[in-house]
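Please keep the sequence and the structure in view while reading.

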Amino acid sequence: MAKKSTTKRVKRAAPKAHKPARPIALYYWPTPNGHKVSILLEELGVPYDLHPINIGKGEQFAPGFLKISPNNRMPAIMDPGGPGGRPISVFESGAILQYLGRKYGRFYPAEERARVAVEQWLFWQVGGLGPMAGQANHFLNYTAEDLPYPRKRYTDEVNRLFGVMERQLATRKFLAGAYSIADMACYSWVKSSTRFQPLDEFPHLAAWLERLGKRKAVVRGMAVGAELRRPMTDAEKAVLFGQRAR
Ligand SMILES: N[C@@H](CCC(=O)N[C@@H](CS)C(=O)NCC(=O)O)C(=O)O
């Protein structure tokens with residue numbers, strides 16, 4: 001777990017009705033999965049404390065962090081003012097977005113049809129776009145060997161998934177009606193994947209990316225912890241790749 005000395009307070013005005021006793025703790029590293037939550041917190045304008053989890057140094061395996069996030073992955077949050085006024089921790093970015101969306105009643109509609117529309121795109125991102133783009137990035141940038149088959153498999157899949165977004169965005173500005181946690185979940189993954197998958201064949205997706213990129217909260221959310229990011233060293237690769245149960 002991040003040391004206290006690395007903790008930063010990000011001050012934003014909280015909506016009065018939901019003002020928590022203490023700020024939400026965000027366990028975070030500046031990656032696309034982390035950005036989903038920093039973007040939502042910035043959109044909500046609630047105060048939060050940033051707890052960097054340096055995944056290259058193995059801080060995700062610290063026993064204190066594993067209590068919050070048993071999957072040894074960030075992001076995670078701890079909300080001191082959870083249900084019943086008691087603390088609650090949440091891991092898995094999709095569950096965090098849902099929790100915060102429900103808690104503050106924003107970007108995640110309560111009406112069932114609208115909620116299902118958001119959820120299907122949120123789960124599409126968590127189960128599809130994120131993992132596939134992550135694997136594409138891995139085989140393009142992090143393997144010592146030249147492995148054309150997995151590279152093609154995952155970059156093809158990202159291309160296909162971009163096509164799915166393109167069709168959805170051809171007739172609407174956002175993925176699921178109004179701007180929602182589903183858009184926030186996809187933004188950073190689409191943006192980072194443009195390094196290997198240009199958007200020339202996806203004009204509606206390109207327009208969506210630009211639309212979101214103009215939102216001040218998205219810009220702030222993407223900038224959270226940017227100063228922590230460094231090119232990955234071999235020692236960090238050894239921590240991150242080849243993990244097994246024991
Ligand atoms: N399904 C998880 C994935 C989170 C995830 O993969 N986080 C990565 C960084 S993007 C991580 O913490 N990696 C640490 C590790 O591999 O040990 C979520 O959506 O929250």
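This is a predicted model: local features need pLDDT of at least 70, side-chain atom pairs count only at pLDDT 80 or more; totals for chains, interfaces and linings use all residues.

## Contacts and overall form

How does the radius of gyration of the protein agree with that of a compact globule of 246 residues? Such a globule would have a radius of gyration near 18 Å, and the protein has 18 Å, so the two agree. The C-alpha trace spans about 50 × 45 × 30 Å along its principal axes, and buried residues make up 35% of the 246 residues.

## Helices and strands

The protein contains nine helices and five strands.

The domain assignment divides the protein into domain 1, which is made up of 4-106 + 222-240, and domain 2, which covers 112-214. Between the C-alpha centres of domain 1 and domain 2 there is a distance of 22 Å, and the contact takes twelve residues from domain 1 and twelve residues from domain 2.

Which elements give two or more residues to the side of domain 1 that touches domain 2? They are α1 (32-44) and α3 (93-104), and α1 gives the most, with six residues. When the residues on this side of domain 1 are sorted by class, five are nonpolar, five are polar and two are charged.

## How α5 and α7 pack

Helix α5, which runs through residues 148-169, packs with helix α7, residues 203-213, at an angle of about 80°, and their axes are 7 Å apart. Angles from 65 to 115 degrees count as roughly perpendicular, and α5 and α7 are therefore described as roughly perpendicular to each other.

Which residues make this contact? On the α5 side they are Phe-162, Met-165, Glu-166 and Leu-169, while α7 contributes His-204, Leu-205 and Trp-208. By class, the contact of α5 with α7 has five nonpolar residues, together with one polar and one charged residue; Glu-166 of α5 counts as charged, and His-204 of α7 counts as polar.

Terms used: Residues are numbered from 1 along each chain as its sequence is written. Axes are lines fitted to C-alpha atoms, for helices over the stretch in contact, and angles run from 0 to 180 degrees between N-to-C directions. Helices (H or I, at least four residues) and strands (E, at least two) are DSSP runs, numbered from the N terminus. Angles under 35 degrees count as roughly parallel, over 145 as roughly antiparallel, 65 to 115 as roughly perpendicular and the rest as oblique. Two residues are in contact if their C-beta atoms, placed from the backbone, lie within 7 Å. Domain bounds come from an automatic or database domain assignment. The radius of gyration is taken over C-alpha atoms; the globule rule is 2.2 Å times the number of residues to the power 0.38. A residue is buried if 20 or more other C-beta atoms lie within 10 Å of its own, exposed if 12 or fewer, and partly exposed in between; C-beta atoms are placed from the backbone.
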